[in-house]
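I have a new structure open and want to get my bearings. These are my notes on what I looked up.

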Amino acid sequence: DTSLAKQKTDIKTEPSTDGFGNNNANDGRVLSASPGSGSSTGSNKQTAAVTPEDQQTLLAVLQFLKKNKLIESVEILRREAGLPENSLDPKATESAGAGSGGAAAVAEDQPDVRVVLSAYSQQGDPTLYEVYYSDLKKFIETVLDCHRAELSQVFYPLFVHMYLELVYNNHESEAKAFFEKFSGDQECYYEEDLRVLSGLTKKEHMRGNETLLDFRTSKFVLRISRDSYQLLKRHLQERQNNQIWNIIQEHLYIDIFDGMPRSKSQIDAMSGSLAGEAKREANKTKVYYGLLKEPEIELPLDDEDEEAENEEGKPKKKKPKKDSMGSKSKKQDPNAPSQNRIPLPELKDSDKLDKIMYMKEATKRIRLGSDNLPSVCFYTFLNAYQGLTAVDFTDDSSLIAGGFADSTVRVWSVTPKKLRKVKSAADLNLIDKESDDVLERIMDEKTASESKIMYGHSGPVYGISFSPDRNYLLSSSEDGTVRLWSLLTFTCLVAYKGHNYPVWDTQFSPYGYYFVSGGHDRVARLWATDHYQPLRIFSGHLADITCTRFHPNSNYVATGSSDRTIRVWDVLSGNCVRIFTGHKGPIHSLAFSPNGKFLASGATDGRVLLWDIGHGLMMGELKGHTDTIYSLRFSRDGEILASGSMDNTVRLWDVMKAFDDLETDDFTAATGHIHLQDNSQELLLGTYTTKSTPVIHLHFTRRNLLLAAGAFNP
Amino acid sequence: MADREERRFAEVSRESVRLMAEGAGVELGDDVAALLAEDVCYRLREATQSSSQFMRHAKRRKLTVEDFNRALRWSNVEAICGYGAQDALPFRSVKEGELFFVEDRDVNLVELALATNIPKGCAETMVRVNVSYLDGKGNLEPQGTVPTAVQSLSDDLLKYYQQITRAILGEDPHLMKVALLDLQSNSKIAALLPYFVYVISGVKSVSHDLEQLNRLMHMVKSLVQNPYLYLGSYVRSLVSSVMYCILEPLAASINPLNDHWTLRDYAALLLSHIFWTHGDLVSGLYHQIVLSLQKVLSDPVRPLCSHYGAVVGLHALGWKAVERVLFPHLPAYWANLQAVLDDYSVSNAQVKADGHKVYGAILVAVERLLKMKALSLSQSAEGHSGAHPGSVVGAASYRVNSPGLSPPPEPLSEAALGIASHLQVGGAGCHWEEWTPVPLPAMYCELYSFFGDSLAVRFSTGPGFGTHSPCTPSQLSNSRKEPPGPASNLDTTRKMPQLTANLNISPRQDGSPRTDPPPPTTRGAPIYLSGLSREVFPKARFTSPQTTPPAFSFLIGGRQMGQRCQGRRPFQTMFATTPPVSAVPPRTYAHKLPVIGRVGKPVRRWTCSHYSLHLPL
């Protein structure tokens, strides 16, 4: 008795497929199917007035007929069904409101009919769900191999939506049976989600589950080649399998591409996220991934130091260094954003000094490569019984900070130079402000100690970040705040409130002033230290934002989420410019390469993925870790990627080789589909185990010494 | 369906729900209970899932109660209190009633509140760095082997190694000094560390040569003090070499003319130094050391010089080690030692001399134990710690103070009784009440029963401390000088007022010849005292004190040399009368200071409190 409704749906949904260019086939189908629909309307009549559902349907059909100006039919139908004339409009809208639920809020162009009809179809015989699904399954198993992999992508979203519909319509036992029967067919990387689903057996449960709500309201994105899509469509229409067709129309976004169907491994590489793959156009925006021009720094200071060095008998270094610096700063990277695209703070004198220090250190940098691996220093946190949750080093590796589960933030000096506070205001009045060493004089020698503890948070500190000038420290906590601490007074300066839920990560911009934070509320926020409200809110992730990173040019922000996607956001516009899918678990670490071209991400699945930001492509997959990767870092010249994991190892990867291998075949840029080689073992340069110490932070010093940190877990 | 669920999740059955409802006074129908049960299961799962997020972000593998509570709190459910302990909760069942519950023992809050042995809490969180992998090549071998990075030594290093070892083990003392100094400050010798450690482990082959042993110990010292060296697991090897020198009956010690005592003292100092500076490199090092010291001490077959080593070793590890090992072991050990000391035969002379050494060492150790204990108690009780900065460990001899403040002692003859009676009387007095209840009095009594007045004198006057020569004149002069001395004296007076006062009582009560109790100004007392003790000792039967030249340059040795002959005295005269006396005081205290017993086996969280050796400090 549902065929009429199905037919209606079919008609109604066709226009929306225009974009895919499938109209030719559809039109024929619609016409040929219409006679059948007429007959079933007749059979429908007898039972029509009995149940409220059927009445609802009738109302909807009436409205549909009326809208299409089929007035005679309206009259006939109404007479036959025994409906009062005036009952039509108000009741129809009412019922539409009641029937819509979470299922069909999407259709805005023809709300009433669509809503009711889809609601109707969802209340079709629940036992048939199994039939529909296994029918499709049978079909996909029999198609040509080249299409099978692509079409198999449909299984998971269909399965989930069918299950949710059953649950939503209170067919509890059918839902369980359905789940039982088909959950084993799903890809193993959906196991986590299936576990959540299996616990969910009641409509009431869905209400509070935001992740599921998102799943229902957002469209699951699939990429299917045109050939495969046609195949699927033809099949569904032949079988009148409108149940499934409906779901595909409403909850799936099928991104059709021309060309060869993808292989299973290609698909597996990209799938796994909560909402399917990224649409291709989502990654088409131009990203200015180049680095900003380094400001010219007057060299006299530098020369002085160089002269000092010359006395020690190293005259050689001077010239090449000057040259390299000069050429670097003069050349403007074509991929770089304009210098003032994002207003950046002006350099202070101390920053310039620091830059000079940086350059001097850089000349002593060890060039790393597959045959020249870095030394590793491990900073072990001992007696951290309260739980070490976050670590950060300053860029010059002089300070190390730890965030702890007991809400404290601790800072240690790694160098012999102790940490000192600024003198009190009264004492500051006494010092000679004209003296050259005034910066030294303001420090209170009595407070010198190796470490300082800062109290203020009221929950575990999950994220921590030093400002580039080493004057501030950011910490984000479970208490929903991000705090800014002064490293001169070791007190809290600001508590940035806005997230209201645990803030999982925060990071300073490489140029200071801005910082980004992300947390349980599924949005990332961009802040400036002197604003108590965020400047930008980046929303789009379907689940918690677990890690946030600034692009080296400060114009972009990358966020990793438990929805298993990575998004790159434009700081200027607040738009999402890249969506990377492929991880099979929540992403817990991100790292930009020093040249800004690449992004590396690590997740609970123990895999590191490499991304080309400019093209929006996956560049490689590094398998080896056996547990969550909590830390990633490129070496200073970008040759080597270090990854630190919960499995108590640090691994070094030859990323240059990974990038080179892939760049040789250029087809990828056009289609967006990469052929990942399984060459993790070749790329793995070394595995370094700790003694029962999970590696939660990595840092390359300016000379390319690798520092790792973690708390000893006896 | 239910079967499937059960395989995957823990399930709360409808019966449980109904029981819980009954517990809350609500009758539930079957259907309601079923619905509720299902919802409860779902909510539990939901909370568990969201709590795992907190676990992941805390970078842990273990889901804690705290994580779960956070998840509850964020979903606006009241958190569940009382399960935050780190340890696993014992889950019990009652067979008859099919009842399962988490065992929840009563906690005596009163005891807890009045407890004095407040746990120090965990050690401070700190960051320690080590180079794990050099140029990507690391030490993948098991501990103790030579790292691969080190195997190929450069010629320079090899030369350096040869020069240094030759210089240290060679004849020229000046050269040795230079070599040791360099070893102590050279930053580039990390690669040679295993070789040096190997050389040092050669102690066993040169046990006949004191000089060589000394040099090797100096080498250890230099290595330990070198700030650029990361000793890592080599600490263990170094410690075992040092322990060898402390404990073994060295071949060199056969000749009584060889001063192996100094070596043992030095090695003990070194041991404590290694332990305090590098103890954290090897887990359980302290326990191992303490255990092996204890083993030696409790082995009667071992020669006395080994026992001596064990005692000084314990002493060097700090007063807590003494308290936990030496003190409990003392009664057993005492019998042996006494037998040796009481044997006046000529053939026994040498052994007896050794026995005196041991006696002296024990005396020094327990005295410091008493003092440190008193100090720590008085500090915690009176809370005036400000006046006594400095660490408890090394600075003991300087803090345990100047003679001017020491209380006057009882007459020698009545010492034991005097103490006892005074304890009984004085115990009721306010002085003792002011003390936070400690086992100190009991300990003191027991020790007093062994050492008699020598202990009392030392404890109360402590003149030898910090002075260079422990002889009487200097004591006298010192004590004379003290009164107008610095304010620190006053502090020290306050440190031990109770003992002073109590000790004062006893002479009077006992009707001792010196009926004038020492004036409340402690000024006069020490003079009096020292005069007295001088008087007493000459009277003693013991006429030939071991006249070992007081050549010890070290603190331990020096002190004990000076006091040894005096200390022996009371032991000989008084020992017989002791047992009944010592039996009384603890009991007297037991009822007044109810906490004593508990403090005796102090810290509950280490389960086997009897094996107090296992207690980490």
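The entries below go through a helix, a loop residue, some repeats and the aromatic rings.

**Ground rules.** I'm working with a predicted model, where local features need pLDDT of at least 70, side-chain atom pairs count only at pLDDT 80 or more, and totals for chains, interfaces and linings use all residues. Residues are numbered from 1 along each chain as its sequence is written, chains are lettered from A and ligands numbered from 1 in the order in which they are written, and side-chain values use heavy atoms, leaving out hydrogens and water.

**Helix α8 of chain B.**

Which residues of α8(B) are buried? I found M176(B), A179(B), L180(B) and L183(B) (buried is under 20% relative accessible area, exposed over 50%, partly exposed in between, with a 1.4 Å probe and protein chains only). They cover an arc of only 100° around the axis, so they sit on the same side of α8(B); the arc is taken from the directions from the helix axis to the C-beta atoms. On the face turned away from that side I see the exposed H174(B), K177(B) and L181(B). The buried residues pack against α7, α9 and α10 of chain B.

**A loop residue.** Next I looked at V571(A), in the loop between β20 and β21 of chain A. V571(A) counts as buried because its relative accessibility is 4%. Among the residues it touches are I342(A), F538(A) and Y556(A) (contact means heavy atoms within 4.5 Å).

I checked residues 496-527: 0% helix, 59% strand, end C-alpha atoms 9 Å apart. For residues 580-613 I again read 0% helix, 59% strand and 9 Å between the end C-alpha atoms.

**Rings.** I count 32 aromatic pairs over all chains (Phe, Tyr and Trp rings, the six-membered one for Trp, with centres within 6.5 Å; planes under 30 degrees apart are stacked, over 60 edge-to-face, the rest tilted). Y496(A) and F515(A) have ring centres 4.9 Å apart and planes at 65°, so the pair is edge-to-face. The two sit in strands β13 and β15 of chain A, 19 residues apart. Y496(A) is buried at 1%, and F515(A) is buried at 0%.

Terms used. Helix = DSSP H or I, 4+ residues; strand = E, 2+ residues; numbered from the N terminus. Lists of a residue's contacts leave out its neighbours within four places in sequence.
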